[in-house]
Structure formats: C-alpha cells, structure tokens
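Hi there,

Here is the structure I promised to pass on to you. Have a look at it first, and then read my notes below.

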Amino acid sequence: MLTQDEAQKLIQEVLAAYPPEAAEDRAKHLAVLDGESADGGGCGITANRKSLPGVMTIRGCAYAGSKGVVWGPIKDMIHISHGPVGCGQYSRAGRRNYYVGYTGVNTFGTMNFTSDFQEKDIVFGGDKKLAKLLDEANTLFPLNKGISVQSECPVGLIGDDIEAVAKKKSADLAKPVVPVRCEGFRGVSQSLGHHIANDTIRDYILDRPNAAFTGEAGPYDVAVIGDYNIGGDAWSSRILLEEMGLNVVAQWSGDGTLAELERTPKVRLNLVHCYRSMNYISRHMESKYGIPWLEYNFFGPTKIADSLRRIAAKFDARIQAGAEAVIAKYQPMADAITERFRPRLQGKRVMLYVGGLRPRHVIGAYEDLGMEVVGTGYEFGHNDDYERTQEELKNTTLIYDDATGYELERFVEQVRPDLIGSGIKEKYVFQKMGIPFRQMHSWDYSGPYHGYDGYAIFARDMDMTINNPCWKMMTPPWRQPGAEAA
Amino acid sequence: MPVPEIMLRRNERGDLLCYVPKKDLEAVVREVEFDQEDRWGGTLSLANGEKLYLEPLAAKPAIPLTVRVRKL
C-alpha cells in the first residue's frame, strides 16, 4: 500500500527534475487521492490542457479521435483519410474494432481510403481530388451507405472547402457525405476529435432530412453508446442486455452501421460505456429527443451486476426480473473464475495509464481478482473524468494526467508495481524494466474484456502475464554483474 | 461578457448537474437561488466554486434544459 506521504514525496521528487516553470505546470496534473477525500469539486487535478513542449506525451490528435475512435468503426460507411497517406496507413486496422461483414463488399472497417496528398494538392488545393475520389470510391464500392471525409492537418492549413464538396457529392450520390473537420492540430488531444466527430454525427446523420427512422419505438429499445467492440467487447456486452429482455437496436460505434445511428433517436435509453468519447451525442439526444442516458460499467462481476441492476431500474418489473436472472445465471461462472485466479493474483499492485473510460472502469475488475490499483491516469481525460474516478478509488492512489514518459518511468521505478496497464508505446520500456505489462487499449490482441465472458479472459490474461515464468529468467540491465545497484 | 449556454440535467442520485459545452465542464449545482413552483433560477452555485446567473423562470422547468446564463 502506498501512503499519502510516500506518494506526495514521490511527486515532489519527479517534479524536481523539471525547470521551475515546467514543474509548476506539471504539479497541477499530479495528485494523490484516496476514497475519503471526495468532494465533487474536481479533485484538484487540472486536465485537458495543452501538453508542454519538449516533454514526451503519449496523446493522440483530433484525427485519431475522430477517424480512429468514433467514425472508423462504423462499418458500412467509407471513411476517407483526406490528406497525406501516412495518417490513415499507419493507423489502419490497428484498433481491432471487430465487425461482421464482407470487407470490401458491404463493410470497409479495416480498409484504408486516402486522398494521398501530393505537393500539387497542397499548392492548388485538394477539393477537386476529393470530388474525384468520392466518385471513384462510390463506383468501386457501390454498397457503401455513406462516406465520411476525415481531414488531416494540411486540409485545414491550406483552407480547402470540404463542406462544399461534401454537399455537392452528397446530392450527386444520394448518400450522406460527411465532412469532418478533425485536423490533427485542433485541440490538445484526441478528445476534441471525439467532440468534433459527435457534432458531425449530430449535424450530418441525425439531422439529415428524410433520414430519420419512421417506425415506432419498442418499449425496451436501447442503444449501446461508446463501445467500440475491441476484441468483441460490444458483443459480450450486448448478449447480457438482450438476455435480460432489452432490445439493443444500435451499437455506437463498434460493429455499428449507418442505419443503427439513424435509428437511435427513437430508443428509450442510451447506455453509455465510454463517457469521454460519446457523452456529447448522448447529451444532444437527451435535450433534443428526451432520451435519458446512463453510464454503465461491464468490467468485472461486481460492476456488471451493479450496472445490470441500475439499467433494469429504468424499466419495468419484467426487465428487473430478467436482470436478476442474468446475474444468477452468470455469477457462479464468475465466482469459479475468481476462485481459480484470485489466489494467484491476490495483493498484486497495478498501475494504469490509459485513455477514455478504462483508468476508472477496470478498477472494479482488478479488485474482484484481489488486486489493488495504486496509480491511474488519463491521457486525455477532463475534470469530469477525474471526479468519476474518485468515486471508484478505495485506497491511496497516485493520479497523473497526461503523464510524461519521464514521470511514468520514475513512478514505476519507485512504486514497483506488479503489473502495468497502458499502451504499446509504454509496453517495451516497462517490460525491459522487468515489470509485467498488459496493453489496456487493445487488450494485447486478446479480448473481449467486457461482460461475464470477458471477465474470464481478463482474469486469465492478467494471470498469464503476472505469473509468466519469463520474469524469473530475464536479468534487467541494472541487475547484471558490474551494473551499479539501482 | 460571454453568455455561455449550459445544459442542466439530473444524475442518478438526483443532483442537479450543470454542463458547459464550451468548457466541457460538468459540475453539481449546489444551490439554486429561487427554487419555487412559480419562480426558478437566479444564482446557481456550482460545486467548483463558480457562480452562474439564470434569469428566473416563471415556472419550474422540465429537466433536461438548455439555457443561456450569465457568469457572475
């Protein structure tokens, strides 16, 4: 267990390495929290600020937030990376948003469409090329349901009018063509990309004339919002909701389709998993269509049962009975998993540094396995995320917002956790330090981790990482003969 | 002075929440100055210490509500 004093001392040590101005700025992003100090006032962390020049941040850009997160998984639309080829190519199919369909025929999730800007496009503008590209894409892939144009930096810098092109082509092709102004330089992180993407869904999909779903809403229609189906997460969530009697009519946006988006304004309740990336559209649907939304958490049996009951409470007795039946059915399976893995994982300490919802959502799953989270932080969280995090914390926890490479390494060196959960850019640094590591963005090519089925995989993965015999076989550089004692 | 638009909603516990889209700020409204059936609004005191002024409404509004407020 970390004590308040130790943690504070650690933060001071880390800050001491910075020049005074940088230290002053970074101090606002680091904090020590425990369960008791909750006051709802933002827990004293400054978040969603520009990263300091010169530090190693692991944040992404607005394009990553829009194309990579929100728009990308919508499988029956073509998402054009408008600009130079790299942004789309190096992020292609990297997020493992699983979907069902024939890629290149009626779904396009893992494909990369780009306008491949050349010097002449920068000099003379890329609008003509975009218009041609839209026609070509539609001819080659006639089963697409719509096209989104995801701007990369140069498009904004040279002042192309993609809105005009999109409007004209949308009329020509009789399909939605959505211009998304998610140039990478906008905002401080991918977070603004989420917001921009949400706004374009609102303006170009939900508000599109004559596109609204005209059928009647069923009494149990719900939409799953902010589940990107990484490794099949949305599927292992969806079956639980359906089993308790709800009718899941839309998935935003993992394995999602345009028709599902258009269908959503007629649901009874929006179920929000990733609050950070899709609260904007949930708020919009609440104010415009009067659809309430509810945040839920499908990591670990404790949180799943709690979430199922909270969701059921919004419906009638039939659904509530359904929720209890689902919990009763799966709890023995979850208990068996806990019983098997808990002795192997009991008391292990975890440090997390992820984005979106995971820095707080997975805490419950680790606690179910008897592990404790000693540090957590968001790449691009806002104040409301940290407030929500505080509610999840039980013991003293180090909090780091937009942590720099240096800070993370120092924290890990001092805290020496048994497991680190972060992304690919951090993975090898910490593995070479001899500390077990799991990627908590992509589930390390495993998954799903959501739902009861996901818990089984989550527990197995954590066990096989922490108790892997390789950690005993490797000698990190500082333990090698002749090296100075660390 | 900028006139921010805010959205008011209730969370699961029934607290009134104020959301300022421009700032991506979500905070609990600790106190509403006039909280009567025929008069609702006035100074809204947020949990983060900020105060916003909402021209009092003639009736208790339906939540969720999107309104323009003044910063105090």
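A word on conventions: residues are numbered from 1 along each chain as its sequence is written, and chains are lettered from A and ligands numbered from 1 in the order in which they are written. This is a predicted model, where local features need pLDDT of at least 70, side-chain atom pairs count only at pLDDT 80 or more, and totals for chains, interfaces and linings use all residues.

Chain A is divided into domain 1 (4-57 + 335-473), domain 2 (62-187) and domain 3 (221-325); such bounds come from an automatic or database domain assignment. Taken over C-alpha atoms, the centres of domain 1 and domain 2 of chain A are 34 Å apart.

Now find helix α1 (residues 4-15) of chain A. Helices (H or I, at least four residues) and strands (E, at least two) are DSSP runs, numbered from the N terminus. Ala7(A), Leu10(A), Ile11(A) and Val14(A) of α1(A) are buried, while Asp5(A), Gln12(A) and Glu13(A) are exposed on the face turned away from the buried side. Buried means 20 or more other C-beta atoms within 10 Å of the residue's own, exposed 12 or fewer, with C-beta atoms placed from the backbone.

Finally, 11 residues of chain B are in contact with 10 residues of chain A (C-beta atoms, placed from the backbone, within 7 Å). On chain B's side, β3(B) gives the largest share, 3 residues.

Enjoy exploring!

Definitions and conventions: Two residues are in contact if their C-beta atoms, placed from the backbone, lie within 7 Å. The expected span of a helix is 1.5 Å times one less than its number of residues.
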